[in-house]
Amino acid sequence: MLLERRHLSLALVVLLIASAGCSGLFGSETGTGTSETPTSADANGPAPGSSGFDAGAIERGHFETLSNSSFTTSLSFQLSTVRDGKNRSVFINRTVAIDRESDRSLASGELVQASGDTLATTTYTADGTTAERRVLARGEEEMTDYRSASPPYDGPVQPVNESSVIDRSLLQSLGSDINWTYAGTETVDGDSVSRFEATGSNVTGFAADNAVSTNVSANGTTDSASATVLVDGDGVVRSFQYRVSTERDGQPVTVTLSLSVSQVDDTTVAEPDWLSNA
């Protein structure tokens, strides 16, 4: 179904770029080319536009704040379906911590396949060197591999890629024809944030395809897609939650994608205890 293909394709592209540590979780650093000035906060949340969601101001605020701050960001992805009468799921979790004060970065990720095999990877970058630990768990067997590299990084080991978690393409997508609704304020890490929500056909702008809206309606439910964004007073997207449920070949398919930013200006990265093995 087109709904599934469009929404799953977008979620998977965002996910795979982030999980590979490549530039692109928030896109390129070229921005949108616009030059509008962020507006001040009011009852609709930080830097609101006429609709209460100023995507341009949020994009700039997110990028500029995190480019100069320590922070931790986490990504979680799950695809669930039914195959041969059994529930099947794939999980990917990834956390990246950036410590500006000590100039250290740590990324940890876990891929859990439908078979149950798990690959956990931890990457540490400091003092111009990157070390990596990989742990593959298959049944009761566990295999651990250590390796390291230095510039020019022409092999499989690559440094923690900060740009993969502060660039702009996802933020631009959030402002691409999604009909966001302001839903009040809440607190993240002691900071006040504004909550925006979208459901059903209102989320289809995220897939940048008008045909998706028709398929959402054809599914007979406005809950087949939903999204939530939490934005702080500096324009930092503290949380993005996305979920779509549909069918493929008569079987249910659910995709959830969760991104969060926490410990802004309060993230420290310690040297991992396995470093000497790399």
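Which residue takes a positive phi in the hairpin of strand 4 and strand 5? In this predicted model, the residue is Asp127, whose phi lies near 55° in a hairpin that has 2 residues between the strands.

## Overall make-up

The protein chain of this predicted model has a secondary structure of 5 helices and 11 strands. Of its 278 residues, 44% count as buried, and the accessible surface of the chain comes to about 13,600 Å², with 44% of that area belonging to carbon and sulfur atoms. When contacts between residues at least 6 apart in sequence are taken, 57% of them join residues at least 24 apart.

Strand 4 (residues 118-126) and strand 5 (residues 129-138) run antiparallel and are joined by 9 bridges. Within this pairing, Leu119 stands opposite Leu136 of strand 5, and the hairpin that links the two strands is the one in which Asp127 has its positive phi.

Strand 5 is also joined to strand 6 (residues 141-149), again in an antiparallel arrangement and through 9 bridges. Here Glu132 has Arg147, in strand 6, as its bridge partner. The hairpin formed by strand 5 and strand 6 has 2 residues between them, and Gly139 in its turn has a positive phi of about 65°.

## Backbone features in the loops

The loop between strand 6 and helix 3 (163-166) holds Pro152, and the peptide bond that leads from Pro151 to Pro152 is cis, with omega near 15°.

Two loop aspartates also carry positive phi values. Asp103 has a phi near 55°, which is positive in a residue other than glycine; Asp103 lies in the loop between strand 2 (86-99) and strand 3 (104-112), and it counts as exposed because its relative accessibility is 59%, with exposed meaning over 50%. Asp189, in the loop between strand 7 (181-188) and strand 8, has a positive phi of about 50° although it is not a glycine. With a relative accessibility of 47%, Asp189 counts as partly exposed.

## The nonpolar cores

The largest nonpolar core has 25 residues, and those that touch the most other members are Phe53, Phe77, Leu174, Trp180, Val229, Phe240 and Tyr242. Two or more residues of this core come from each of helix 2 (55-67), strand 1 (71-83), helix 4 (169-174), strand 8 (191-199), strand 9, strand 10 (237-248) and strand 11.

Trp180 gives a view of how the surroundings of one core member are made up. Leaving out residues up to four places away in sequence, Trp180 touches Phe53, Leu174, Phe196, Glu197, Ala198, Ala227, Thr228, Val229 and Phe240. Among these contacts, Phe53, Leu174, Val229 and Phe240 are also named with Trp180 as residues of the largest core that touch the most other members.

Thr228 counts as buried because its relative accessibility is 14%, and buried means under 20%. When residues up to four places away in sequence are not counted, Thr228 touches Trp180, Arg195, Phe196, Glu197, Ser239, Phe240 and Gln241.

Ser239, which is among the contacts of Thr228, lies in strand 10 and is buried, with a relative accessible area of 11%. Leaving aside neighbours within four places in sequence, Ser239 is in contact with Thr228, Val229, Leu230, Leu259 and Ser260. The side chain of Ser239 is also joined to that of Gln241 by a polar contact of 3.2 Å, and Gln241 is itself listed among the residues that Thr228 touches.

## The segment after strand 11

Ser276 lies in the segment that follows strand 11 (251-262), and at 70% relative accessibility it counts as exposed.

Terms used. Residues are numbered from 1 along each chain as its sequence is written. This is a predicted model: local features need pLDDT of at least 70, side-chain atom pairs count only at pLDDT 80 or more; totals for chains, interfaces and linings use all residues. Side-chain values use heavy atoms; hydrogens and water are left out. Buried means under 20% relative accessible area, exposed over 50%, partly exposed in between (1.4 Å probe, protein chains only). Contact means heavy atoms within 4.5 Å. Two strands pair if DSSP finds at least two bridges between them. Helices (H or I, at least four residues) and strands (E, at least two) are DSSP runs, numbered from the N terminus. Accessible areas come from the Shrake-Rupley method with a 1.4 Å probe; for residues, only the protein chains shown count as cover. A nonpolar core is a set of buried Ala, Val, Leu, Ile, Met, Phe, Trp, Tyr and Cys residues joined through side-chain atoms within 4.5 Å. A polar contact is a pair of N or O atoms within 3.5 Å; within protein, one must be able to donate a hydrogen and the other to accept it, and residues adjacent in sequence count only if both atoms are side-chain atoms.
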